[in-house]
Structures are given as C-alpha cells and as structure tokens.
Amino acid sequence: MSPNGKPTSGKETVPLNQGVVVSVRGSVVDARFDKSLPSIYSVLLAGDEGQIVIEVLEQRDAQRVRGIALTPTQGLARGMAVHDTAAPLKAPVGKAILSRMFDVFGNTIDRGAGLANVEWRSVHRAPPSLAERSTKSEVFQTGIKVIDVLVPLERGGKAGLFGGAGVGKTVLLTEMIHNMVGHQEGVSIFCGIGERCREGQELYREMEEAGVLPDMVMLFGQMDEPPGARFRVGLAALTMAEYFRDDEHRDVLLLIDNIFRFIQAGMEVSGLMGQMPSRLGYQPTMGTELSAVEERIANTNTGAITSIQAVYVPADDLTDPAAVHTFSHLSASIVLSRKRASEGLYPAIDLLQSNSKMATPTIIGERHYVLAQEIRKTLAHYEDLKDIISMLGLEQLSAEDRAVVGRARRLERFLTQPFFATEQFSGIKGKDVSLADSIDGCERILRDEFKDYPESAFYMIGAIDEVKRNGTAAADIGGQQQESESKVLKDSHSGIRAKASPKVDHAPDTHPA
C-alpha cells in the first residue's frame, strides 16, 4: 500500500488492524474495530482493492469511528472489511514534484511518468512557531508596477484577489509565477479548490506555453469530487510548499483558487458529520479550520510562503461570515475592475479600491508612502471631475483641474504593463520593471515633466524613459486629445452623438468616463 492511501500494483501487506463497515450514509462511513481503535485523521481503506479512502474524523465510542470518504462510496455496503493504515493522509515532497500536476492523494494526473525519489509527509502539520518566524516585515516585489507602487505585497503574507471572469485574473497569476522565478528564484504552487476540470486543463496549457512549468507544482480538488477531497487539497499544497521553504530554503508563491471553496467544503463536511450549524449554515469550527490553513503561510528565517488567494464574496455581501474570517487574515487586497479591462488598461486593477497594510512609512519608506498617497489623491480628484467633464466639457475646468486630469490619465496609462505571459497573443515584449523605476516614473509624471507628450506614449511601456522613444514632444498634442475627450463625453451626456460621433477621432488612449 502506498503512503498516499491509494492502492498500488504488486503484492501488498495486509494491515494488522481490520474492522467492518457498520453504516454508510453518503460520504459518511461508520466502522467498528474490535482490536484497536484508529486515531483521528487516520486513513481507512475499503472496497475490493482498497479504492475507497476514508479519513477518520470522530471516535464514537470504544469500538466505533466515523469518517468522511475522500472518494465516491459506490459499492460500499455494511459488513464489508475496512483496513486501518495507521497513518494520516500524505503528500509527496521533493524536487521530482516540480512541473507535475497532482490530486489530493499525491497521484499524478498529467499523464506523465511515475514519481521517483520522493518523500511522503503528512498533510496535517503544525504552523511554524513564533521562534521560527521572521520578525521583519519585508515587501514581496513582483515586477508589476501598479502592485509594487500602490498595493505592495508582504513577503510571507496573504493577499486577496477579487475579480470575476474575463478581467485578467489568470493572466495576472501567470505573470506573478513568471516573475517569481526571475526575482526570488523561487517555486510557485497552484492549488485549485473546487475548480472546474476545464479550468485546470487550460491553466496547465497556459503555464506550459508561458515557460513557467519547470518551477511550478499544480494540485487540483475538482468540484465533482467529494467534499472531503476538496477540504484536504489545500493542506496537501501547503505540505509541498513547506518542503521548499524549510528544506530547500527557497521562497514559495502559493496561489489558491478559490479559498471560499475550502470553507464551503468544510461546511459540507460539517453538515454530513451532523454538527450543529452556525450563522448562515456555516460550520461552527470555520474560524479554526481557516486559521489552520492561513497560519501555515508564514515568513521564517529560512524562507517564506507568500500566498495570493482568489476570494469569492457570496452575493457581494462583505458581512458574510466566510468573507469576514478571510479578510482578517489578508495583508493586501487586489481588486480587478471590469471597467478598466474594457478600456484596455491591463492589468485591470482598481487603483482606488485596492489596498495593502504594508503601505506605511515604516515599511515602504517615507518617499514611497508619500508618492502612493499623492497618486491616490490625483486619481480620486480625476474621478470626481468626470461628472463635470461629461456635463460641461473639459474646457469648463480650471487650469489646475485640467492639469490634474492630464496627470491622472498619464498615470493610468503608465501603470499598464505588457506581460511576458501574453507575448504570444499581443506581440508586445513583456516588461519586468523594478520598484525604483516605477517610483521614478510616477514622480516625474506628477511633476509634469512629460505634460507635452501624448498619452498614448505612456501606454504599455516599462520604465518611464521609454516615453521619449514612443512619443514626440508637441506642446499642443495633450490639449487636442483632452478637447476630443471633452466633446465625446459632452455629446454622450446630451444624447446628440448621432452625427458628431463619425467625426470624432477616437484615439486609442481616450475613453469615456
């Protein structure tokens, strides 16, 4: 019997401790052991070939245990034999797991060769102690301008990624995986909890085409699998991440999609086990179960596990218990905007809604902090002016307000960036921009150093010096573009665009408010 609890070919030794199934209710299985009672989290095997895997979650009395099946229970009946492996669920660790795709049991599901030279470790591990944790707050640089400047991530912290379908969430994750190898020479682990099998296949192909698969591990607990398997796949991913952090002394980027599905799987397991539900039907142990996962994501003296977690907010209700408990663990929130995606401003991060607890003077420095506040102030002022522009036109603004609009629009375009992950689709070479270059560019834009350059010169570039190569200085170009935008917005508001719109030259760097 393999350490992962699944049957293997060849002769197998029969476990000494053998019991019998006394009841089967869906995924909940009760078993009686007369000789020795299995411990909590022990894996039990049932079926003709041990294909049904059960994890013990409760000891009912001196002879009976209750467990949750991690595989379908078709064919399981009362009176059938069940074997105690006397070991918990285990995950493979080692260099051989790189570039592979696994399920919750550690079986490869990428149709590749079998695993060799791997060690099997329990998925139930304690978080690092306070003595092992690093006391220094460090910024995790991604090479993506908008994140490093406005939403700095914490090394060893947790960031939430909020966004629907089609706004660039997968592309952003792929780019972070690519830059992780270049910046920290680290490892990326993608954990899909409750994902569709189609999404897993598409992600695997995209990672392979982007060339980031050799330094990546993927695990999936698909939505068609029993809740027990979806509930444990996150722990298996953490076990692999801890190996690279503690044994290989490498930084790890752990991507979880979706952390709400973990809570949802726990709710299903809790209901099946007959526990009294808490508020809105959630399990009473939700806080403890989520903390058991989040606290293992930490920065230690040997390495760090930095996590980016996609967060689904049920019914957009931020007071939902699942959202409240998740937010309490996050150090940064990245909000993706469909409006910015429709305008072609990628990465489509909402610059005003996204925030980070790392954006304080003591961590990122006084210069960076003041710059980030000035950028947010400029963008917020531009947002307030959009209604006035749409009703009265840009020419009705004061000279100071027109200057603010110019700065904000140039900042929005400068904070776009071509990705390595999209080179094959866009034909634009990807750019990895350092934090120093990003800060320098934003400061120079706010000082109006490039006010005579067209806004299109700032779109999809790396460092700010590329503006001079992409655009020609002309004193009146910026004013002509802003007048064009003012006319479009004004006509849109008054409903008289029928004849005017064909005459308007829609430049690629203009968009309606």
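On a 1 Å grid over the protein atoms alone, a pocket is an open set of points with protein on both sides within 12 Å along at least five of seven lines, whereas a cavity is a set of points where a 1.4 Å probe fits but cannot get out; lining residues have an atom within 4 Å of a point. Grid points are joined across faces, edges and corners, and a volume is the space filled by probe spheres set on the points. The model is predicted: local features need pLDDT of at least 70, side-chain atom pairs count only at pLDDT 80 or more, and totals for chains, interfaces and linings use all residues. Residues are numbered from 1 along each chain as its sequence is written, and side-chain values use heavy atoms, with hydrogens and water left out.

The chain was examined first as a whole. It holds 16 helices and 18 strands. Helices (H or I, at least four residues) and strands (E, at least two) are DSSP runs, numbered from the N terminus. Of the 513 residues in the chain, 52% are buried. Buried means under 20% relative accessible area, exposed over 50%, and partly exposed in between (1.4 Å probe, protein chains only). Among contacts with a separation of 6 or more, 71% join residues 24 or more positions apart. A contact means heavy atoms within 4.5 Å.

Two strands pair if DSSP finds at least two bridges between them. Strand 13 and strand 15 are parallel and share 6 bridges. Val187 stands opposite Val252 of strand 15.

The largest cavity contains about 50 Å³ of space. At least two lining residues come from each of strand 13 (187-195), helix 4 (227-246), strand 15 (252-257) and helix 5 (259-272). Helix 4 gives the largest share, 3 residues. Cys191, Ile193, Leu254 and Phe262 are among the lining residues. By class, the lining has 9 nonpolar residues, 1 polar and no charged. Ala, Val, Leu, Ile, Met, Phe, Trp, Tyr, Cys and Pro count as nonpolar, Asp, Glu, Lys and Arg as charged, and the others, Gly among them, as polar.

The largest pocket holds about 1100 Å³ of space. It is lined by 44 residues, and Leu161, Gly163, Gly164, Lys169 and Ala310 are the closest to its centre. Elements that each supply at least two lining residues include strand 12 (158-162), helix 2 (169-184) and strand 17 (332-335). Helix 3 provides the largest share of this lining, 6 residues. The lining divides into 20 nonpolar, 13 polar and 11 charged residues.

The second largest pocket has a volume of about 470 Å³. Its lining counts 23 residues; Tyr41, Leu57, Phe231, Arg232 and Glu289 lie nearest its centre. Strand 4 (52-59), helix 4, helix 5 and helix 6 (286-294) each give two or more residues to this lining. The classes are 12 nonpolar, 6 polar and 5 charged.

Strand 4 also forms a hairpin with strand 5, with 4 residues between them. These two strands run antiparallel and are joined by 5 bridges. Ile54 has Ala69 of strand 5 as its bridge partner. Strand 5 (residues 64-69) is mostly covered, with 5 of its 6 residues buried. Strand 2 (residues 28-32) is likewise antiparallel to strand 5, through 5 bridges. Here Val28 is partnered by Ile68.

Ala292 belongs to helix 6. With a relative accessible area of 42%, Ala292 is partly exposed. Its C-alpha atom is separated by 8.0 Å from that of Ala126, 166 residues away along the chain.
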